[in-house]
Amino acid sequence: MKIIKPGLQVTIQDTGRFGYQRYGVIVNGVMDQLAHRIGNILVGNIGDEASLEMTMKGPEIEFEEDALISLTGGDLSATLNGQSVKRWRPIYVKAGTVLKYGACASGCRGYLTVAGGIDVPVIMGSRSTYLRAEFGGYEGRALKSGDQLKIGKRSDQSKKIFDQLAHTDQPFVESDWFSASDWGSENTDQHVIRFIPGREWSDFTEESQRLFTETEFQLTPQSDRMGYRFNGERLERSEQVEMISEAVTFGTVQVPSEGNPIILLADRQTAGGYPKIAQIASVDFSKVAQLKPGEKVRFKKITHQEAEQLLLEQEQNIQQLEQGISLKLR
Amino acid sequence: MKYELSPLGDSAVIVQLGRVISEETHHAVRNVTDYLQDNPIDGMVDYVPAFSSVTIFYIPMEVIQGHSYSKIASPYEIVCEQLKERFDNITFTKRKESRTVEIPVCYEGEFGADLQIVADHNQISVEEVIDIHTSGEYLVYMLGFAPGFPYLGGMSEKIATPRKETPRTSIPAGSVGIAGSQTGIYPIETPGGWQLIGQTPSILFDIEKDPPTLLEPGDTIRFYSISLSEFKNMKEEQG
């Protein structure tokens, strides 16, 4: 795959770098785990192969050999040789075909997954790009024009899907089967984000707790892969107690002293010392990852046990999709 | 040894081992991480030791595998049970073996750009700042902020200095700084607000090494002063 135009900060990511947080090495990885994972399942990848993550504006890419791909996540108006293509399904692409992205129509992060995965060196157990420390992914940086990406070896499952689609004179063929794009279970409202009260929830004033759950918060442009900063009603603790730094995770909602919440994301630091008002339920991470600056959200409180059950249900749905595809290919 | 378990979302648990930053709590943290390293719980993917806590990350679906799955199965409850069983077996002791790592620091010229600020703030001379900084023993409580960045305890209050009002946009790797009553070393180039007093030729973070960091929680470190030419020689030896 050859990058003709780079898009906006397009990076290679997988599920992330685990086991090294104790050394201060951040997890990294894709922002939208669900889109990345479904993408891998659709092209028959076994396990966690690296995909391309693009934000708002995707790249222009020429396929130098025949490939099996899928496009998942937000709708960044992808075309193949000028024809629009559908997301959430496997697509066979002939050598010489050009993938190009247009305007960001919905969501904000798109994923391009390839059968065999994008082949870059594994560093500390992951292919994810760590921009600040300049390692992982493609030379530790975002992609540039002229970069050439190698594709890994296809699994048996990928070969089956590939063979089913690869009979054509056209530049590409879309599969007639696909995955649902909505994995948010019953919570279909894109702007309602569910959370569990955080460790310091009860340190916040009752008024702040009420404001957090009953008023809207707007995502600011000062948001990136490290964290999403929101504007809204000022959130305050009853007492300003100095905290001892401890681990944070994806979806941790910190409130620094100026009173605006920040959701920590893929490139978060390993530890933090601000009070944690909330923790976003894992089942809604994908929704958070697809928010763009200017959008407004409401935070909805659920119990810890509800969050666990929702996550396990989502997991079962994904496993059903995997089984369904296996059956189809038998 | 007392501990408290509480969830960090639906996929992690925090083991709280104390309420203050102390060497005693630090030893408890190390006992827990050493034990987890050898006796991981089901579905564990990572653990993060901090000043007074250890956070354990797990995959809920893997936790419940092997347990009869039902609507009421809570991965968190299973994790807590497993942790309690393990903690019953840990004898909390002060660890005897501890590495001491010597860190050479050049305090000269640009490397010590803020030495005068530290000296003036504490009404002592630049030489005294260096003397005090190099005479202490520092304990690595945790790593964080950047890969290999040590949170150190043990700096003398005699050289404590507030952070810069405006952080520098770029600080070179190896820079040694002071912020409040903390001292530390920047392992990679990053923006930062610490008062810079020197630079070490030692490499604190190297992706080719396993572990990738020079320091680990529990290490004791000492700084010693080197000249600019010694600094250059050490740099050259690294290639």
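At what angle do helix H1 and helix H5 of chain A pack, and how far apart are their axes? This is a predicted model, in which local features need pLDDT of at least 70, side-chain atom pairs count only at pLDDT 80 or more, and totals for chains, interfaces and linings use all residues. Residues are numbered from 1 along each chain as written, chains are lettered from A and ligands numbered from 1 in written order, and side-chain values use heavy atoms, without hydrogens and water.

H1(A) spans residues 33–42 and H5(A) residues 304–329; they pack at about 15°, with axes 10 Å apart. H1(A) is therefore roughly parallel to H5(A) (an angle under 35 degrees). Axes are lines fitted to C-alpha atoms, for helices over the stretch in contact, and angles run from 0 to 180 degrees between N-to-C directions. Helices (H or I, at least four residues) and strands (E, at least two) are DSSP runs, numbered from the N terminus.

In H1(A), the contact residues include A:Leu34, A:Ile38 and A:Leu42. Among their partners in H5(A) are A:Ile318 and A:Leu321. Contact means heavy atoms within 4.5 Å.

Now the sheet. Six strands of chain A form an open sheet, ordered E2-E3-E10-E5-E8-E11, with antiparallel pairing. Strands pair if DSSP finds at least two bridges between them. The edges are E2 (11–13) and E11 (172–174) of chain A. Neighbouring strands are turned by 30° on average, direction ignored. H1(A) packs on this sheet too, touching E2, E3, E5, E8 and E10 of chain A. The direction of H1(A) makes about 155° with that of E5(A).

Terms used: Angles under 35 degrees count as roughly parallel, over 145 as roughly antiparallel, 65 to 115 as roughly perpendicular and the rest as oblique.
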